[in-house]
Amino acid sequence: FCNYMNQFVPLLLAFFLVLNLDRWWELRVHALGAVMQASANVAMQLCAHFPSRDHADAKDHIYRYCLASIIMLSKIANTDEEFVSAEELLQRQYLTGPEA
């Protein structure tokens, strides 16, 4: 019996590991990768269309919103929590008091 278990347990652990790595890679490529790419595109479009410093506050708000969306998506994917608290986003300075 022990000999059988010594062969079965490593195989089961290998399947578990492959499944988790595959799940992580799918999340990274399809979810986080898409949001990061969209955030980079938004940043490039903002810099191209509004190059002056007159719009620095608006650009700063949008950059922080992009970062907050990445943080929220990665937190949801890595934990069982459904959302990131507004206090946590305030603490990390991704949102200001009135925005939260």
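Accessible area comes from the Shrake-Rupley method with a 1.4 Å probe.

**View 1. The surface of the protein chain.** This is a predicted model. The protein chain exposes about 7,900 Å². Carbon and sulfur atoms supply 64% of that area. How many of the 100 residues count as buried? The share is 15%.

**View 2. The helices of the protein chain.** Three helices make up the pattern, with zero strands. Along the sequence the order reads α-α-α. The radius of gyration is 21 Å, well over the 13 Å that the globule rule gives for 100 residues, so the protein chain is more spread out than a compact globule. Its C-alpha atoms fill a box of roughly 75 × 30 × 15 Å along the principal axes.

**View 3. The loop around S52.** Where is S52 found? S52 sits in the loop between α1 (2–49) and α2 (56–78). Is S52 buried or partly exposed? Its relative accessibility is 31%, so S52 counts as partly exposed; buried would mean under 20%.

**View 4. S52 and E88.** These two residues lie 36 residues apart in sequence. In space, S52 and E88 are 32 Å apart, C-alpha to C-alpha.

**View 5. Contacts across the protein chain.** Take the contacts between residues at least 6 apart in sequence. Of these, 45% join residues at least 24 apart.

**View 6. Charges of the protein chain.** The protein chain has 7 positive and 11 negative charges. How far apart are their mean positions? The two mean positions are 7 Å apart.

Note on methods: Residues are numbered from 1 along each chain as its sequence is written. This is a predicted model: local features need pLDDT of at least 70, side-chain atom pairs count only at pLDDT 80 or more; totals for chains, interfaces and linings use all residues. Side-chain values use heavy atoms; hydrogens and water are left out. Helices (H or I, at least four residues) and strands (E, at least two) are DSSP runs, numbered from the N terminus. The radius of gyration is taken over C-alpha atoms; the globule rule is 2.2 Å times the number of residues to the power 0.38. Buried means under 20% relative accessible area, exposed over 50%, partly exposed in between (1.4 Å probe, protein chains only). Contact means heavy atoms within 4.5 Å. Lys and Arg count as positive and Asp and Glu as negative; His and the chain ends are not counted. The place of a charge is taken as NZ of Lys, CZ of Arg, CG of Asp or CD of Glu.
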